[in-house]
Amino acid sequence: MVMFRGLRIFLSPYRASLVLAAITIVGLLCVINRGFDVTDEAMYIYDMKYPGPNSGTHINFIVGRIGAVFDNNIVVWRVIALLVLAGASIIFATGIWRFCLRLGLINSCSIRSPEADRIGFSALVLTGSLGYFGFGPPTLSSNTVAAGGMLAALGALSWAITTSSFASRLSWAAFAALCAVLMEAARISAATAYLLALLPLMWLSAELIGWRATVIVAGIHASLSLIWLAIIATGFSIDTWAVTQLMLHTGASSKSSYGFTVLLQQHLQDTANFVEQSLRLGGQVVGAGLVTGTVFFSSRSLYNSSPLSLQKMIQAVGSSTAMLAALLPLWPLYHYLAGLDSIVGAAAADCRIIEMIVCEGPNSGLDGHPFMYVVGAQIIAGAALLICDFLAATIATQVRYPSNARAILRWSALLVFLIGATTIASVGTNTGLLYHIAVSMGPLLAAGFIAVGLLPLRALRITSGVMPLLVFCFVVLIAVSIAHNRLFFPYRIEGTIFSQSVRLNAPPELKGLRTTYKLSTIIAGIKASLEKAGFDRRHDIVVAPYNMPGLIVAIEARAFGFAWLSNGPAAEELNCYRFEHEPTDVKAIGRVFLILNSNPSAELKECLKARAINFDNSEVLATLPVDSMRTLTIAIVKTP
């Protein structure tokens with residue numbers, strides 16, 4: 001009996017969730033030095049080494065200066081990214097839990113073991129934040145800083161609001177201001193969503209400490225943000241105006257996927273889809289809960305020969321609905337596993353994209369859509385539970401108006417705040433609001449936990465196993481997504497992570513990184529061709545269309561205009577803008593080296609010709625095979 005009891009305790013959902021989260025973190029660390037994405041990830045490393053306005057973000061001016069201490073090594077930055085997200089998620093989780101405690105949402109109706117649920121909540125937020133590694137490349141980037149800054153800023157503000165000491169409140173507000181500034185430096189569009197998310201937070205703060213204290217905290221936060229902004233912009237010599245000009249040019253473009261009109265339409269459509277899908281899925285959960293709860297109650301009453309009780313039937317319906325809501329994360333998991341064959345097929349098909357020297361997809365395991373729909377449905381289920389609670393309380397007390405209306409309003413405002421916080425790092429991205437939410441799911445999963453587990457109930461009782469089960473299902477779903485993206489289908493990396501076996505010893509940015517034999521051979525071939533032509537890394541520059549910033553990093557070269565020249569009409573417009581504003585005088589250098597994986601467009605050639613780089617005068621130095629369909633051409637252009 002003792003042995004089985006110990007086994008049952010060890011296999012409890014919370015403990016299983018913690019074990020799985022720990023295994024996920026250890027797994028990420030074990031493969032931290034494997035694989036090299038020559039597109040997004042390489043661009044982040046290049047921009048750290050050569051920060052400038054063409055990257056479209058301010059954060060590279062900051063992290064590049066810091067990373068110079070360790071040569072902006074990619075492996076070190078991957079470890080830092082993991083630590084940033086983990087640390088920020090802990091601050092956020094503890095701050096929000098304190099908020100829930102002060103708001104009175106943690107009560108005996110929904111929580112049986114506050115300490116266990118607090119640990120489970122923290123594990124859920126941590127795992128949700130690490131879901132970033134199931135979406136994109138693992139190196140520190142603007143996405144990582146935006147997500148980590150959001151978590152730390154809002155978590156620190158929650159601490160500032162719920163602490164009683166003025167010195168502690170000031171310290172937390174100062175830290176929140178610093179994190180908010182770094183977040184906006186990574187993604188300036190996050191400022192709008194951040195301010196909108198603060199509105200329900202400030203109302204909740206007024207509920208706890210009053211409007212006067214709330215205004216003081218908000219004033220301190222705003223003032224210190226401006227001070228931090230001035231210190232950082234001055235200390236790191238950030239060219240704010242040039243970065244802003246690039247963003248305005250991109251936003252005003254009718255062709256760009258970052259155009260303001262395009263983004264607005266896309267974000268509004270994503271929001272409408274979120275509401276529609278949440279109502280549909282939530283309605284199915286509530287309907288299934290109503291049926292299963294009624295059937296279970298009826299069969300139990302007939303078996304026990306007990307009289308029918310409407311209040312007990314409502315309790316049975318509520319318990320069934322809560323349990324089904326907890327199991328909802330298994331729905332996208334089932335669809336993912338059922339579609340594995342098509343995912344493998346898509347990976348093979350996308351390798352035929354000529355403008356990419358690696359396979360394009362599948363880029364990620366699970367994007368943000370299923371997570372948003374599941375949490376939205378859980379919120380709908382939570383609203384249904386509140387209706388059940390109202391009916392049960394009315395029957396029990398003969399009171400027709402709920403006495404916990406204020407608590408329900410607080411619960412609703414907290415959910416609005418968490419959903420708003422989830423979108424902060426996604427606003428302004430060209431992949432869509434819901435798709436990109438995968439980079440910052442800590443607040444989203446916290447909303448799911450609160451929607452089902454921290455309801456302001458009076459009569460209903462949530463089954464004690466619901467919350468541990470909800471946490472476990474979400475942790476399993478994220479672990480599968482991370483395994484997809486980091487182990488079996490690494491982001492824009494050929495082969496699994498285990499086939500990355502060749503260790504790179506140069507350049508310093510890639511030292512210690514393991515990649516495929518094929519990629520290491522390509523890098524060695526390019527280096528040999530350039531060295532044979534007398535390439536001087538201190539003065540010569542490179543133009544590399546298309547999608548090959550990783551090769552520029554690997555050969556320790558400097559790009560003209562931008563390291564990542566994307567293909568397509570909208571991309572060519574932005575490429576030409578960057579060429580036009582490139583300060584390098586190629587005539588003074590006398591030559592430009594070319595690395596080509598396809599024939600550049602006429603538009604790109606004309607833009608470069610205006611800067612004295614004429615492709616018609618190019619001389620081929622070498623042709624390197626990539627695979628059966630693609631080759632790399634190394635050439636040189638003499639400038640007049």
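1. Helix α13 passes helix α18 in a left-handed crossing, a term applied when the near helix is turned anticlockwise from the far one by less than a right angle. The model is predicted: local features need pLDDT of at least 70, side-chain atom pairs count only at pLDDT 80 or more, and totals for chains, interfaces and linings use all residues. Residues are numbered from 1 along each chain as its sequence is written, and side-chain values use heavy atoms, without hydrogens or water.

2. The axes of α13 (residues 330–338) and α18 (residues 466–488) lie 9 Å apart, at an angle of about 30°. The two helices are therefore roughly parallel to each other, the term for angles under 35 degrees. Helices here are DSSP runs (H or I, at least four residues), and strands are runs of E of at least two.

3. On the α13 side, Leu330, Pro332, Leu333 and Tyr336 meet Cys473, Val476, Leu477, Val480 and His484 of α18; contact means heavy atoms within 4.5 Å. Of the residues in this contact, eight are nonpolar, one is polar and none is charged.

4. Helix α17 (residues 442–453) has 12 residues and reaches 16 Å from its first C-alpha to its last, close to the 16 Å expected at 1.5 Å a residue. It is mostly covered, with 12 of its 12 residues buried (under 20% relative accessible area, 1.4 Å probe, protein chains only). Among them are Leu444, Phe449 and Ile450.

5. Gln500 is placed in the loop between α18 and β1 (502–503). Gln500 is buried, with a relative accessible area of 0%. Not counting residues up to four places away in sequence, its contacts include Arg34, Glu494 and Arg514.

Technical notes:
Axes fitted to C-alpha atoms, helices over the stretch in contact; angles between N-to-C directions. Parallel < 35°, antiparallel > 145°, perpendicular 65-115°, else oblique. Nonpolar A, V, L, I, M, F, W, Y, C, P; charged D, E, K, R; others polar. Expected span 1.5 Å × (residues − 1). Buried < 20%, exposed > 50% of the residue type's maximum accessible area, 1.4 Å probe, protein only.
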